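Here are my notes for someone opening this one up for the first time. Have a look at the model, then read along.

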Amino acid sequence: MDELLDVKVERVAHGGWCVGRHEGRVVFVRHALPGERVRARVTEEASRFLRADAVEIIEPSPDRVSPPCPYAGPGRCGGCDWQHAALPAQRLLKAAVVTEQLKRLAGIEREVVVEEVPGAPGGLGWRTRVRFAVRQDGVAGLRRHRSHTVEPVEACLIAHPEAEAAGVETKSWRGASAVEVIASSAGDRAVVVTPKGRRGVAVPDLDAPAAVLVDRGRGRTEAARGRGGVRERAGGREFEVTGSGFWQVHPGAAEALREAVLAFAAPRPGERVLDLYCGAGLFTAALAEAVGREGAVTGVESDAAAVRDARRNLRDLPQVRIERATVDDALAGLEAADLVVADPPRTGLGQGVTGGIAAHSPTRIVYVSCDPATLARDIALLGGLGYELAALRAFDAFPMTHHVECVAHLVRA
């Protein structure tokens with residue numbers, strides 16, 4: 001589609017878009033900012049709206065800057081949404097999205113401030129885990145927005161310098177479908193290679209030392225060279241994370257979120273706590289230390305590798321039990337809790353899990369979310385079950401992108 005539209009941009013929308021109208025029809029525009037007038041090329045047509053890329057800025061916003069990355073822009077890498085906006089403006093845009101989602105989906109009007117997370121100077125060099133797609137010819141790159149097309153890059157500016165040091169983008173990866181590079185907070189570096197089929201991948205010489213792991217699918221990895229995972233540090237503890245298991249990608253996010261969760265949860269000695277979607281045990285450890293040996297913390301996680309990691313990471317805390325199960329199944333068999341902490345994937349909790357949480361009658365719930373839409377939906381569901389939003393904090397854990405991390409504190413009404 002090459003149709004060009006003259007669009008007056010009105011406001012920001014969830015997902016890195018801005019909303020405008022053309023001849024009465026809604027247009028979702030990327031690479032624009034609220035208040036701008038742009039010439040936009042249509043990229044997709046639906047029955048009720050259009051999607052488009054701003055290819056010419058007729059009336060620019062005062063918040064507009066030149067993108068620092070040469071691969072950012074219409075038709076290029078889809079990894080960053082807001083490189084054309086000044087950092088303070090990016091945070092205001094994210095705050096507006098969280099505010100709008102809370103009002104629209106939960107009926108809650110609340111002023112939101114998106115806080116800076118230390119460790120990303122100028123919004124760059126923060127991503128400690130970067131997954132590259134690999135073309136048929138072995139060239140690694142990043143996918144274009146809403147596309148399977150791979151954009152080759154010589155370097156990713158939001159990648160952490162220790163991840164970039166491996167030089168993944170400059171190597172040939174024939175036989176691989178994806179390559180992930182990890183630079184941990186404890187100084188470990190690993191490259192996880194996903195083969196296309198049963199044939200192996202000839203791993204090239206990297207520019208910096210790194211363990212090499214092979215992704216065998218279904219969350220299973222095997223070490224081809226070096227350690228089978230990386231070490232991460234937070235709250236004065238060390239955590240082992242196998243393969244490409246989940247850990248916050250911003251170098252300051254794990255500590256910031258840990259502190260926010262503890263502040264809202266206010267766990268007391270002797271309390272019973274559920275930590276849902278506990279992963280390698282970041283929040284579980286902090287909660288267990290707070291409730292002490294007279295308390296009890298049950299972590300629930302469905303991923304087998306993460307369960308092994310959590311059990312190993314928390315073996316010095318006898319008040320911790322890690323259950324391998326889906327959260328839905330586990331809630332049906334667990335005892336009542338004083339406090340529930342949940343850090344679900346982007347899809348959120350949903351009706352089944354919110355109902356299961358409420359059935360345990362916790363006095364308070366702390367909900368960590370990477371998606372304001374599913375967070376607002378779940379806050380509404382919990383509202384119908386007798387819980388109200390007491391406080392919310394938002395963190396800019398993903399500068400240059402539309403993503404934002406929130407921590408919500410709900411109490412029994």
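Is Met400 buried or exposed? Met400 is buried, at a relative accessible area of 4%; buried means under 20%, exposed over 50% and partly exposed in between, with a 1.4 Å probe and protein chains only as cover.

1. Some ground rules. This is a predicted model, so to speak of a local feature takes pLDDT of at least 70, side-chain atom pairs count only at pLDDT 80 or more, and totals for chains, interfaces and linings use all residues. Numbering starts from 1 along each chain as its sequence is written, and side-chain values use heavy atoms, with hydrogens and water left out.

2. More on Met400. You'll find Met400 in the loop between strand E21 (387–396) and strand E22 (405–412); helices (H or I, at least four residues) and strands (E, at least two) are DSSP runs numbered from the N terminus. Met400 has a positive phi of about 75°, although it is not a glycine. Leaving aside neighbours within four places in sequence, its contacts (heavy atoms within 4.5 Å) include Pro68, Cys80, Trp82, Gln90, Leu124 and Ile158. Asp81, Gln83, Gly122 and Gly123 are also among the residues that Met400 touches. Asp205 is another matter: 195 residues away along the chain, with 31 Å between its C-alpha atom and that of Met400.

3. The chain as a whole. The chain has eight helices and 22 strands. For 413 residues, a compact globule would have a radius of gyration near 22 Å, and the chain agrees because its own value is 22 Å. That radius is taken over C-alpha atoms, and the globule rule is 2.2 Å times the number of residues to the power 0.38. Along the principal axes, the C-alpha atoms fill a box of roughly 65 × 55 × 35 Å.

4. Of the 413 residues, 54% are buried. The accessible surface is about 18000 Å², with 49% of it belonging to carbon and sulfur atoms; these areas come from the Shrake-Rupley method with a 1.4 Å probe, and for residues only the protein chains shown count as cover. Take the contacts between residues at least 6 apart in sequence: 60% of them join residues at least 24 apart.

5. Charges. There are 53 positive and 54 negative charges, and their mean positions are 4 Å apart. Lys and Arg count as positive, Asp and Glu as negative, while His and the chain ends are not counted. Each charge is placed at NZ of Lys, CZ of Arg, CG of Asp or CD of Glu.

6. The loop between E5 and H1. Two residues here are worth a look. Ser61 lies in this loop and counts as buried because its relative accessibility is 10%. Not counting residues up to four places away in sequence, Ser61 touches Leu33, Pro34 and Glu36. Asp63 is also placed between strand E5 (49–59) and helix H1 (87–106), but with 37% relative accessibility Asp63 is partly exposed. Beyond its neighbours within four places in sequence, Asp63 is in contact with Leu33, His84, Ala85, Ala86 and Ala89.

7. Cysteines. How many disulfides does the structure hold? The structure has zero, a disulfide being a pair of cysteine sulfur atoms within 2.5 Å. Cys69, for one, is in no disulfide, and the nearest cysteine sulfur, that of Cys77, is 6.5 Å away. Cys69 is buried at 12% relative accessibility. Cys370 is buried too, at 15%. The closest cysteine sulfur to that of Cys370 is in Cys406, and at 9.5 Å that is too far for a bond.

8. Helix H4. This helix (residues 282–291) is mostly covered, with eight of its ten residues buried. Among them are Leu282, Phe283, Leu287 and Val291. Just after H4 comes Gly292, with a positive phi of about 75°.

9. Glu23 sits in the loop between strand E2 (17–22) and strand E3 (25–30). Glu23 is not a glycine, yet it has a positive phi of about 55°. With 76% relative accessibility, Glu23 counts as exposed.
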